[in-house]
Every structure is written in structure tokens, then in C-alpha cells.
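Trainee: I would like to go through this structure step by step. Could we take the sheet, then the helices, then the domains?

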Amino acid sequence: MNLITNLKQTTAASLLHLYQVTISPEQVLVNATKPEFEGDYTVVLFAFVKQLGKSPDVVGNELGAAMQKALPTIITHYNIVKGFLNFTISNDYWLAYIKNADTKSLVPPTTTPQKIMVEYSSPNTNKPLHLGHLRNNFLGLSIAEILKVQGHEVVKTCIVNDRGIHICKSMIAWQLFANGATPSSTNKKGDHFVGDYYVKYNDAFKAEVAGLVAGGMTQELAEKEASIFKAAQEMLLKWEQGDAATLDLWKRMNSWVYEGFEVTYKKIGSDFVKTYYESNTYLLGKELVEQGLSKKVFYQKEDSSVWIDLTGDGLDEKIVRRKDGTSVYITQDIGLAQLKQKEFNNDVSIYVVGDEQNYHFKVLKLICQKLSLPAADGIHHLSYGMVELPTGKMKSREGTVVDADDLVDAMIAISKEKTEALGKVSDFTSDQLTALYNTIGLGALKFFLLRVDPKKKMIFNPEESIDFHGFTGPFIQYTHARIKSILRKTGVTVSITNNELLPLEKQLAIELSTFPAIINEAAENLDPSKVAIYAFNLAKLFNTFYAELSIANAESETKKQVRIQLGILTAATLQNAMRVLGIEVPEQM
RNA sequence: AGCCUCGUAGUAUAAUGGAUAGUACAUGAGUUUCCGAAACUCCAAAUCCAAGUUCGAUUCUUGGCGAGGCUACCA
């Protein structure tokens, strides 16, 4: 049992014994003691002094004595400061922890493993991936790893938005302007190639609209009347009718895009057990509309369109089938949710999607619940904020996006530059160097995008935002590499016979012991930033420890053994923490 | 108009209602005869405003002000 749980339970038991009051262990607040006070863990007394009708000092003294008596090998001292009961934990406890910690299973597996689907990435096939997609991909990858390390079975899926008017725009522009050019004929990555035509479409569209407006048309009308827009609409119609030539071009251009995506996904580490294509799924959900009608979850209006009334749940009315009988977005998503559940039999389904769709997912979950679809309660939306630039929102139509490939390449280039300047890897082969630059560059980028609460929108300043010092991936990678280098020289732990701990040694042990709780917190909140913050704090603490205390030249052999073991545990914990963020840690850098 | 997020030093961020609001970058001052200085140490600097609940509020409630998003028979 972990120490905090133990302290909570003992507090509750002691209170029951002393005062005959029942307080559940979850109600007991146990915190790490602030450094300026004596002690390791603190029980906050205010919560129960009121119902006991005694002063905090009296309760503190009685409770402290009782707890020490209950846990004689764990608690060595206690003191009370203004309603805070501080406990000092015995060195023996921490030494036993250091000795017994297993680097192969730092996180105990959950007792209730589930099958969890994580859907992430959701690209459009009319343009390459950008910075926003990177945040999405890194969040999806990370949350999948966090759940895996807890012992859940994870299925990663992707839904590709491969049809619709936006793709037709790229297709039209290609027909108009490409003269038969292809990615290979222009030596361009396929997704970028197609994306260029999307931009060309918009340029042409804008120019045409401007011309029409100059000729006296209103902006609104001009946007509807522009011939290039009409051509795109017509193409969408042909696509829906199954026109062979249109489908051929669509398939051809999409295949270019997929080739490009594959390169990017491989580079950033994204993979999927199953990829769904919207062109296959956009007709799903039709039977569900019928079911919903017969279950009276949905109702039909006079024009024969079908709706659900969610006003009772504080939301609006929502259409689920148009009067012409076709599905809308939400209907497709309900159908896809059902399909995925049928195929994989998952208990939980996590959607990594931007926060502009918060309302959509609230509605989706509600409808699935009302239709009594299996695992409807397991639907979770991992909602994340937009990534914006100092100049404002990114707009792919206007070409003001930070391209994913460019950014990744730039990060790798910077890591190369910095690594070369330090000259610590002269013994690496060129393949090893390439791998190292990738590890560091991607580590910096992933960490930067994962270290903040996903819910918050973030501003990305390409020039200033990326750093290799401080609260960054490379800082943690460096700390790991340094520990490994030290351990290569000192050898492994032989045995621990020491019986005392210096404050920094104990502090490090305490920090190491909280890792499983951090993982649980991150999983519960679908928030990898908790792990990123933890990894940084641990690395920082180790660096302080290392600056103060020598490992190789420790005061005694027994001290050396303890510190080697602390080094081993720190390196393993950093490696595990970074792994669940999708970041590798090098042995040397 | 309604609904949902968010507002913390110059910048970026942290804090299940708990102690003197933590951290990084940038700024300033230091630390290499000793295990890796991508490191460490120290200085300075912040909770949008106003009420309320509480022993205690960055956190909860209400009202302002400000930013973004959603309220599509687009996806």
C-alpha cells in the first residue's frame, strides 16, 4: 500500500478510536509538507476540528500520538503548526523503499483493466498536417501510453476526413492549374503538393470574388456566384453520384496525401490499429435514426426532418436527419461510435478533438446514452485548446499555418546544431547521430506541446517558444544521459546496508515514490501535462542532489550504494515518465 | 441574444478550498583543480475588478471588464 493511502486510513482509524467519529479516508487531506516546515507529510486538521469541537492543537497532539503508536516503524516525529499536523517518516521506511523499488514495474497495474479506444489525429486530405495536428497527435499518443502503463488495453484509431467540398477545391485547382503535374514530377511531398492546390483555389476564388464585387455584385452574392466555387460544388455532386472520372482523380490525389502523411506519422511516432475513412462512414447512422424514432428518443417534424430535443438536458434541439433523408455530422458520428464499439468491443472511447467541438461531443454522448448504445457512458472527449500564433489564429486558407514537417525538421536541425556545439558524442556513428538529433528535436517539440494543460489554448512563437534549457524535454533527456554516464562509471548497486539518509536523499526518494500517483492523476484527468511537470521536477531535484552530493566519491561505501540506487531509480523513472509522453531518452547526448 | 472555456510577475506556465502563490524563459550577481556546466546557487518580479460563502479563496457563488469558442439541414 502506498504511504499516503496508509496515512489517510490510519488517520481515519485513529479518529474513530479517539473520538468515535467516522471520517472516510478520502476525506483526509494529506499533503507533502512544505519545505519550510519540519516533516515529510502533513495532515490538515481543519476539516475535522469543527465537528470534534476541540482546538486544532489538542486534536493534533492526540491524533499525532495515536498515529505514531499505530505506525511505529514509519512515523518518527510529529509536530503541529496552526492546524497542520506534520509527520516525519523514518529513514528505514525510505531506505526500504529505495532498496525494494522495482525499475521494471514502477507503476502497479490497475485492478480493473479496460479496453480503451483512443481516436486521434483526424487529418483532412486537402492539406498537410500543421501545428494543431501535432498537439492532437502528441496528446493522443501520450494518453494511450499512460493508459497502457496502467495496464489497460489500448486501441488507437484514426478517422480521416477524406471527402467533402474542401477536397473538391484542391481537385478543381489541380485540374485548372497543374498541367498534369504530380508529386513525383515536382519532387514534392504529396500532402504538401495537394495542400498547395488548396491554397491556389482560395487565391483564385478571392481574385474572382474581388472582380465580381468590383463589377457591382455584393460580397455575399459574389462568393456564391464565383465560377470556381460552383465548379467545386458540382464536383462534390459528381463525387456523390459516383462519377468515375471524379472518383479516379479523388483517389489519385488522396493517395498522394496518404504517402505524405505516412512519412510524417512515421517521423513523429503516430500509429493506428485501424484507420476509418469518412467516405466509408458518412452514410452510417441511418438505422439508428429509425431506432431512435421507434424508441421515441427522436421525433419527426412536418417537413419529415428528424430531431432530438435536448432542452431537458440544458442543450438545444438538434437535427439528426435532413428532410431529404440524408445524415448530418452528428448522425455519422453516432453510427461510427456504434461501429467502432462493435468491432473492438471497447469499454471506453476517448476522442482527442479540439475544444471547438465541446458542444458536439456533449450532444454525441447524450444521444448515445439515450439510444442505450453499449459503452455510451465510456465516451470521453479529450478536449484541447487551439494553438495560436503571436499574430493570431492559423488559417490554412491563407497559408498562415506552421507546417508540421517544417517545424519538426527545424527542431531536429536546432538539436543538431546544439549537440555539435557541445561535442560530447564524437564517438557516435552517423546513423546514431541522426537518431539522436531526432530524439532531441522531437523531444523538445513534444514536451513543449504536452507540458501545459490540454484544455488551455496556447500561443506558439516559433522564434522564442522553443528552448533547450529549463522546463524542456532536452533538460530531462540531459539529466537522464548524465545519470547513465555516471552509472557507467560507478557500476551497479551491490547491497544497501546504510541506515541514514541526508535530506536531499530522502527528498529524492519521496519524489520518486509519487510517480504512480502522478500517472493515475494524468489518466483520470486525461492530462499528460501532470507527467511532464513531474518529470521536470524530478530531474531538477536530481540535479540539485547531484550538485551537492558526490556519488562516485561518496563519504562511505554504504552511502555510495544508496546514491547509486537513487541514480538508477531516477533514470528509470525519468525514462518511464518520458516514454508515456512519447519521448525517448538517450543514454548519451 | 444565449451557452461554454479562459484571465496569475516582462513572457510562458503550476497549485484535489490549505501554511510565506511554485516553476521556467528573459534580466541581474555568482559557481568548473573533483562523478557530464544542455547543470547548479542567489537577487528582483504576479492571482483582471467588486462583492459574497469560509477558520482559510488563485480555486466556490454572484455581478462587472477583457479574450476565445459554440449556438450550421458544413464536416
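Trainee: In what order do the four strands of the open sheet stand?

Mentor: Bear in mind that this is a predicted model. The pairing in the sheet is antiparallel. Read across the open sheet, the order of its four strands is S1-S2-S4-S3.

Trainee: Which strands stand at the edges of the sheet?

Mentor: An edge strand here has a single partner strand, so one side of it is left without a neighbour in the sheet. That applies to residues 30-32 and to residues 75-81. The edge strands are therefore S1 and S3.

Trainee: By how much are neighbouring strands of this sheet turned against each other on average?

Mentor: The direction of the strands is ignored for this value.

Trainee: Which helix lies across S1, S2, S3 and S4?

Mentor: The helix in question spans residues 3-19. Its direction is at about 35° to S2. It is helix H1.

Trainee: Is H5 parallel or oblique to H20?

Mentor: Helix H5 takes in residues 131-149 and helix H20 residues 515-524, and their axes are 10 Å apart. They pack at an angle of about 130°. Angles over 145 degrees would count as roughly antiparallel and 65 to 115 as roughly perpendicular, so H5 is, relative to H20, oblique.

Trainee: How many nonpolar residues does the contact of H5 with H20 have?

Mentor: H5 contributes Ile-143, Ile-146, Leu-147 and Val-149, and H20 contributes Ile-519, Ala-522 and Ala-523. No polar and no charged residues take part. The number of nonpolar residues is seven.

Trainee: What is the handedness of the crossing of H6 and H10?

Mentor: Helix H6 (residues 165-177) and helix H10 (residues 227-241) pack at about 115°, with axes 8 Å apart. Their crossing is right-handed.

Trainee: How many charged residues are in the contact of H6 with H10?

Mentor: Among the contact residues are Lys-169 and Gln-175 of H6 and Gln-233 of H10. By class, there are 10 nonpolar and two polar residues. The count of charged residues is one.

Trainee: How far apart are the C-alpha centres of domain 1 and domain 2?

Mentor: Chain A is divided into domain 1 (3-89), domain 2 (164-281) and domain 3 (422-579). Between the C-alpha centres of domain 1 and domain 2 the distance is 65 Å.

Methods
Residues numbered from 1 in each chain as written. Chains lettered and ligands numbered in written order. Predicted model: local features only at pLDDT ≥ 70, side-chain atom pairs only at ≥ 80, totals over all residues. Heavy atoms only, no water. Axes fitted to C-alpha atoms, helices over the stretch in contact; angles between N-to-C directions. Helix = DSSP H or I, 4+ residues; strand = E, 2+ residues; numbered from the N terminus. Parallel < 35°, antiparallel > 145°, perpendicular 65-115°, else oblique. Contact = heavy atoms within 4.5 Å. Nonpolar A, V, L, I, M, F, W, Y, C, P; charged D, E, K, R; others polar. Pairing = 2+ DSSP bridges. Domains from an automatic or database assignment. Left-handed = near helix turned anticlockwise from the far one by under 90°.
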